[in-house]
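I opened the model to look up the ligand site first, then the overall fold, then a few single residues. The entries follow in that order.

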Amino acid sequence: MCGIVGYIGNKNTSEILVDGLKELEYRGYDSAGIAILQDDKIEVFKALGKIKNLATKVDDSKFKIQNSKFSIGIGHTRWATHGKPTELNAHPHLGEYSYVVHNGIIENYKELKEELQNAGHKFVSQTDTEVIVHLFEFYFNQNNDADLSFAQTIKRLEGAYSILLITKSQKDKIFFMKHGSPMAIAKGKNDDEIFFASSDAPLIGYASDVVYLEDGVSGVATSSSLTFSTDVSWTTLPDSKQFAQKDGYRFFMEKEIYEQSDVITDSMMGRITDEEIIFDEIDSNIINGINEIKICACGTSYHAGLTASYLFERLTKVRCSIEIASEFRYKEPLLNKDTLFIVISQSGETADTLEALKMAKDAGLKTIVVCNVDNSSMTRVADTTILTRAGIEKGVASTKAFSTQTVILWMMALAFAKQKNVISQEKLKSEIKTLREIPNSLKVEDSIHEKCRRLSKRYLHGHGFFFIGRDVFFPLALEGALKLKEISYLHAEGYPAGEMKHGPIALADPELFTIALMPQHLHYDKIKSNVEELSARDSTICAISPLDFDLADDFIKTKPANHYMLEFFEMLIVLQIFSMEITVRLGNDVDMPRNLAKSVTVE
Ligand code: M6R
């Protein structure tokens, strides 16, 4: 995450850039900066922390933009990945006469940096971004052609990035490129103005038409021209800020469901190559001497942990157990120093999880928190923090926090398995290949959304829901049931499919809705038998599967996939949308359900 903005025009460039960054602050606020080019002068401001610090710096300076005159500017709010949050590491990054802002990660920056240093370029930051501006100048010094140099530069970059670059050698231009990280470009309401931003929120009110760039599109903008490397399609920008915050979705929950595909890419960025999983945050010997992994969390985070407990034990060959934090705290647990203690929390503030973490720390265990909020209480207590990078989650019903947690935990399981030498390189490579397919599995297909919307009509009454699944699809069933009950207020339970016959099947009748998770690649025949048993007792069955299933009353067909974890994410989307659409029909508040709070800081 990081946010970038850019502007060409004759208004107050510094104000426009700073206001734009405020809209993007949720994307990161370790540090921020702007660079403005007017006439021959470039002014740069950088500040640590929130955008208000940058705003104060700009206000306190003697710098005054001449508003009637044309200027160009770029800005950035940072969420540090490479290099600590310092002013030197803050964007924009400078070469000799050019500046760049960048959102994403340049994966081959080490090689490029070495090459450029050998060619005499001096680097001042620890960031991956700085190579971009040096690379540009390296080419420009040879060919004196800014357009060509920018094209040569972007050709050399690997990873995910969106970039804005300005240079004194072409004082009226902003060069841009989008690959993997978002970028929107908009035409101002008045002529001769162009705006750039990582999302459309900063553009609302200023601009009329917008292009949401596709991957691989680059170009160059001046006040009077905008050139793209391919055809683009313009759409009209809405006027309301409320719409912008939700990016046009009806609810934050809906936006966050749709965002999952992108934020998973952010979660994996810089942590994955074709051959290995790298967590710079984790000590390379962490798993040495560890005989047990214990996971502890609440709510949805607990479900991610339960999913992970299957994956950890299966992949690392280390015993793994999971505890609900509020239970763990008071059970007088026996804690051994050879146990690795992992807590999971979106907020990092959940009181019970925090207390459990402190208990483990006090008992001398190695501790890790998998968390979405940097600088939260848990990140300050745990020995190691792994950030999930889901971005701010506003819907009380957790969605993207769960998918990012699950992916991070799966990656950790693979990294530990590698450290312990219990996974073959071939298997690791194939799991990594699968990980890279998750963003695709998490894309919401229109047909799936529409199917859930139509089906929601039928599932409003009755005396309750059972969500059933086996193995990792059991925690997914728990998560599906939690999503439904917390926003629709309908009674729902998640259950291990094989356990139904030990009691709950007594409830089966047409008014009992069974939502059956039937993956092709994990115990399909077993779950099929369990569903047949329920169908024989007249329960109303809604099956979710890539394989046709005749006995179902309703059927949601997911895309076929070649790994059960991809099926897991395909089904996750269905469960989230299904709950949301039922809730819409019932007229409840989707984002702020009754009786709940986003962060539970009381025990
Ligand atoms: O911030 P945390 O992940 O620690 O929060 C834990 C639970 O309170 C949270 O997951 C809750 O269950 C959500 N409302 C579920 O959607």
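I looked up the backbone of Val-396 and found one of its N or O atoms 3.1 Å from a nitrogen atom of the ligand. I count a polar contact as a pair of N or O atoms within 3.5 Å; within protein, one must be able to donate a hydrogen and the other to accept it, and residues adjacent in sequence count only if both atoms are side-chain atoms. A polar backbone atom of Ser-398 is 2.8 Å from an oxygen atom of the ligand. For Thr-350 I read 2.4 Å between a polar side-chain atom and a ligand oxygen. I then checked the cover: the ligand taken alone exposes 410 Å², and the protein buries 91% of that. These areas come from the Shrake-Rupley method with a 1.4 Å probe; for residues, only the protein chains shown count as cover.

**Source notes.** The model is predicted: local features need pLDDT of at least 70, side-chain atom pairs count only at pLDDT 80 or more, and totals for chains, interfaces and linings use all residues. Residues are numbered from 1 along each chain as its sequence is written, and side-chain values use heavy atoms, with hydrogens and water left out.

**Shell.** I listed 15 residues around the ligand, the closest being Ser-301, Ser-345, Gln-346, Thr-350 and Glu-486. Near means that a heavy atom of the residue lies within 4 Å. The shell has five nonpolar, eight polar and two charged residues. In this scheme Ala, Val, Leu, Ile, Met, Phe, Trp, Tyr, Cys and Pro are nonpolar, Asp, Glu, Lys and Arg are charged, and the others, Gly among them, are polar. Helix H8 (299-316) and helix H15 (473-488) each supply at least two shell residues.

**Whole chain.** I counted 17 helices and 24 strands in the protein; helices (H or I, at least four residues) and strands (E, at least two) are DSSP runs, numbered from the N terminus. The radius of gyration is 26 Å, close to the 25 Å that the globule rule gives for 603 residues, so the protein is as compact as a globular protein of that length. The radius is taken over C-alpha atoms, and the rule is 2.2 Å times the number of residues to the power 0.38. Along its principal axes the C-alpha trace spans about 80 × 55 × 45 Å. Buried residues make up 60% of the 603, where buried means under 20% relative accessible area, exposed over 50%, and partly exposed in between (1.4 Å probe, protein chains only).

**Single residues.** His-449 sits in helix H14 (residues 446-456) and counts as buried at 10% relative accessibility. Its side chain makes a polar contact of 2.7 Å with that of Glu-581.

I checked backbone geometry next. The peptide bond joining His-91 and Pro-92 is cis, with omega about -5 degrees. I place Pro-92 in the loop between strand S4 (71-78) and strand S5 (93-94).

Tyr-489, a residue other than glycine, has a positive phi near 65 degrees. Tyr-489 lies in the loop between H15 and strand S21 (492-496) and is partly exposed at 27% relative accessibility.
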